[in-house]
Amino acid sequence: MNLATNYLGLKLRSPFIVGASPFCDDVHHALQLQDAGAGALVMRSLFEEQIENDPAAQHTPSADPTRPEANYPEFADYQLSPEQYLKQLRHLRKTLTIPVIASLNGHRPGHWIDFAEQLQEAGAAAIELNFYQVVTDPAIAADDIESEMLHTVRELAAAVSIPIAVKLSPFHTSLAQLALALELEGAAGVVLFNRFYQPDIDPEELDVQPQLRLSDPGELLLRLRWLAILSPQLRGSIAATGGIHTSAAVAKAILAGAHAVQLVSVLLRQGPHILSAINRDLQTWMVHHGFADLESFRGRLNLRRCPDAVAFERANYVRVMQSWKI
Ligand SMILES: Cc1cc2nc3c(=O)[nH]c(=O)nc-3n(C[C@H](O)[C@H](O)[C@H](O)COP(=O)(O)O)c2cc1C
């Protein structure tokens, strides 16, 4: 059974990527995941704020009037400093045989982009760029945000020769146009989707509760829809992240057009060994359906053969709304 896939121009032995998370902080965990069948791993993100305020860096931190009052972690509170990140990346590269992808998390152009060159030198096979931003200022237009994103990708692509994947939020007005524009600026692929940190409210304490929630399987549906829409239109790669917990979810994402799937929550909950079971069960499913490799079914259920995808989506919506009877 051939599980090999091409993601960002990298030849991966399987479509299972360990998504950005603390797993790469410890090389033993990374090795366990490699042994369980992972095709690649993504390191946790280094943040724009962290790189720009690195006391060891040569440049002057960028002036940002919002930062003094914002409650960012102290430099020492980040799990890995930029220097430690490079050291860990080199260590992972020496120990593992599968590609290691570095992750940068930012939201606009700046000095932090220069750090990508060091990630490349330290052996990163690719860079995943996570755009995380919650836009709350009504004076900022959607176009301004997207222009900055495109500018950032252009600068990053000029700084390195390794491929760049952009981890996107689903909350863009015209996601298809943005994804195509990112490709034109040099992105080799997109990762669908970033999950937003969503604080809850405690009605008894009358307080806001910060929380990191692991995903639930229902989150996959939004990814499936956009994989199906974007996969016929993009020339580069697409990875799915969010709610992939089983081999059935992996099969669905590939049927919708994914080149690779990223897993985090299921590995945190059940441990690295669950990846072997997902790997085995995907192969059993492929045998059952007569698929010898991933290309035999990748994108089989995307919207390539749909002549009017907008009408198709709207018609399905109208039909579903009519289906519930009391
Ligand atoms: C503990 C934890 C740490 C994470 N750290 C990062 C990170 O540093 N950078 C990033 O882009 N995503 C990060 N993520 C998001 C994951 O990479 C992934 O996109 C998300 O958890 C959805 O996938 P899942 O449903 O398999 O968990 C983190 C998620 C968790 C649970």
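Seven of the seven residues of strand S5 (100–106) are buried, so S5 is largely enclosed by the rest of the structure; buried here means that 20 or more other C-beta atoms, placed from the backbone, lie within 10 Å of the residue's own. Helices (H or I, at least four residues) and strands (E, at least two) are DSSP runs, numbered from the N terminus. This is a predicted model, in which local features need pLDDT of at least 70 and side-chain atom pairs count only at pLDDT 80 or more, while totals for chains, interfaces and linings use all residues. Residues are numbered from 1 along each chain as its sequence is written.

**Strand S5 and its neighbours**

- Both faces of S5 are covered, with Val100, Ala102, Leu104 and Gly106 buried on one side and Ile101, Ser103 and Asn105 buried on the other.
- S4 and S5 run parallel and are joined by five bridges, where pairing requires that DSSP finds at least two bridges between two strands; leucine 41 has valine 100 in S5 as its bridge partner.
- S5 also runs parallel to strand S6 (residues 126–131), to which six bridges join it, and serine 103 stands opposite glutamate 128 in S6.
- From S5 the chain passes through helix H4 (residues 115–121) to S6 in a right-handed β-α-β crossover, that is, the path from the first strand over the helix to the second runs clockwise with the strands pointing away from the viewer.

**Surroundings of the ligand**

- Among the 22 residues around the ligand, Gly19, Ala20, Ser215, Val264 and Ser265 come nearest, a residue being near if its C-beta atom, placed from the backbone, lies within 6 Å.
- Strand S4 (40–47), strand S5 (100–106) and helix H9 (265–270) each supply at least two residues of this shell.

Definitions and conventions
Buried ≥ 20, exposed ≤ 12 C-beta atoms within 10 Å, placed from the backbone.
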